[in-house]
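Please look over the chain and its ligand before reading on. The report below goes from the overall fold to individual sites.

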Amino acid sequence: MSAKPPRKFFESLSIGAPAPFRELPVALERMIHFFPPHNEKVRNRIGEMIGRVDVLLGNLEDAIPADAKEEARRGFIAAARAHEFGGTGLWTRVNCLNAPWFLDDVTEIVGAVGNKLDVIMLPKVEGPWDIHYLDQLLAQLEARHGITKPILIHAILETALGVTNVEAIAGASPRMHGMSLGPADLAASRGMKTTRVGGGHPSYVVLEDMPPDQGTRHAFQQDLWHYTVAKMVDACRAHGIKAFYGPFGDFSDDPACEAQFRNAFLLGCVGAWSLHPRQIDIAKRVFSPDAEEVAFARKILAAMPDGSGAVMIDGKMQDDATWKQAKVIVDLARQVAA
Ligand code: GLV
Ligand code: MG
């Protein structure tokens with residue numbers, strides 16, 4: 001087996017560099033908690049969030065009014081300066097590439113607090129060219145400001161063209177951290193007929209297959225986002241980066257939020273956005289493995305110490321492949337416990 005090349009970040013940060021040696025970032029990122037940095041009251045409570053959430057993200061893009069964009073940018077810089085974030089990740093969502101605020105968002109924030117910033121979330125990414133642009137801009141700014149830890153890029157998958165190019169986006173740069181589904185913008189871009197932010201739709205159903213004249217037929221709702229989440233997870237995993245579900249906009253329906261997050265978790269996502277404090281615990285619960293599942297996974301690992309062969313546990317066949325499945329769950333449980 002050939003040894004993995006060492007991961008020397010700055011040497012590998014060139015456009016089009018192949019990414020097969022990349023390893024999944026190890027930090028636990030079950031929820032990316034959004035805050036509006038122009039809101040002073042919210043800013044004053046950031047200290048309480050550190051340690052409570054896995055990632056804190058200062059949002060500069062959609063939902064921040066045009067006349068508050070600069071205040072939001074200044075507020076983010078002030079918040080970043082005012083705190084030590086410890087194990088909590090510090091991210092920002094900048095405005096999209098063709099918005100008038102994008103360039104100042106990146107240059108001012110990286111210049112002021114680039115050494116504290118872990119990840120820039122880039123909205124409305126349509127192809128690898130968008131990542132290349134930000135990649136080179138970050139390389140210049142990091143060199144100019146003597147930033148020692150490379151700032152990573154997280155793309156939002158929220159246009160039809162972005163979904164078409166998802167694999168090229170995932171592999172566009174060694175700086176790629178991961179990707180989130182953006183169901184609101186994506187719905188608009190695709191011409192979907194919904195006004196919801198994520199979640200289901202009562203009309204997106206399959207009727208029970210039986211003759212129409214033989215009584216009431218059950219209607220089964222389908223997941224509007226299954227196709228995109230599955231496609232995103234494959235692209236991300238193939239390139240060694242992380243996949244996330246994005247926002248769930250109905251703050252009055254926690255069970256539906258939990259169900260949507262859980263589908264994403266089961267399909268391979270590692271986290272989701274929390275747009276409201278009530279979604280923090282939902283994400284924490286969903287994206288941490290279930291205790292019973294962990295206990296069963298541990299039994300599998302114990303029954304096949306070298307990861308090979310075939311054994312029966314509780315009537316279920318286990319082999320090399322289920323050993324790998326079990327390892328995914330036990331590794332996550334270890335990470336959560338650490
Ligand atoms: C998020 O940005 C979305 O558009 O859903
Ligand atoms: Mg969006």
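**Overall fold**

This is a predicted model. The chain holds 14 helices and 12 strands. Its radius of gyration is 21 Å, close to the 20 Å that the globule rule gives for 338 residues, so the chain is as compact as a globular protein of that length. Along the principal axes, the C-alpha trace spans about 65 × 55 × 40 Å. Buried residues account for 38% of the 338 residues. Consider the contacts between residues at least 6 apart in sequence: 72% of them join residues at least 24 apart.

**Annotated positions**

UniProt, in an unreviewed entry, places the feature "binding site" at Arg93 and Glu158. These two span 66 residues in sequence, yet no two of their C-alpha atoms are more than 13.9 Å apart, so they gather at one spot. The record also lists Glu158 and Asp185 for "binding site", again from an unreviewed entry. This pair is spread over 28 residues of sequence but clusters in space, with a largest C-alpha distance of 5.3 Å.

Arg93 is found in strand β3 (residues 89-93). Leaving out residues up to four places away in sequence, Arg93 touches Leu57, Asn59, Leu60, Glu61, Met121 and Pro123.

Glu158 sits in the loop between β5 (152-157) and α7 (160-164). Beyond its neighbours within four places in sequence, Glu158 is in contact with Pro123, Lys124, Gly182, Asp185, Leu186 and Ser189.

Asp185 lies in helix α9. With neighbours within four places in sequence set aside, Asp185 is in contact with Lys124, Glu158 and Thr159.

Is Asp185 buried or partly exposed? The cut-off for a buried residue is 20 or more other C-beta atoms within 10 Å. Asp185 has 19 such neighbours, so it counts as partly exposed. The table sets out the counts.

| Residue | C-beta neighbours inside 10 Å | Class |
|---|---|---|
| Arg93 | 26 neighbours | buried |
| Pro123 | 26 neighbours | buried |
| Glu158 | 26 neighbours | buried |
| Asp185 | 19 neighbours | partly exposed |

**Proline 123**

Where does Pro123 lie? Its place is the loop between β4 (119-122) and α6 (128-145). Why does Pro123 count as buried? It has 26 C-beta neighbours inside 10 Å, and 20 or more are enough for that class. Pro123 and Leu275 are 152 residues apart in sequence. In space, their C-alpha atoms are 16 Å apart.

Definitions and conventions: Residues are numbered from 1 along each chain as its sequence is written. Chains are lettered from A and ligands numbered from 1 in the order in which they are written. This is a predicted model: local features need pLDDT of at least 70, side-chain atom pairs count only at pLDDT 80 or more; totals for chains, interfaces and linings use all residues. Helices (H or I, at least four residues) and strands (E, at least two) are DSSP runs, numbered from the N terminus. A residue is buried if 20 or more other C-beta atoms lie within 10 Å of its own, exposed if 12 or fewer, and partly exposed in between; C-beta atoms are placed from the backbone. The radius of gyration is taken over C-alpha atoms; the globule rule is 2.2 Å times the number of residues to the power 0.38. Two residues are in contact if their C-beta atoms, placed from the backbone, lie within 7 Å. UniProt positions are given in the numbering used here, feature names are shortened, and annotations may be inferred rather than shown by experiment.
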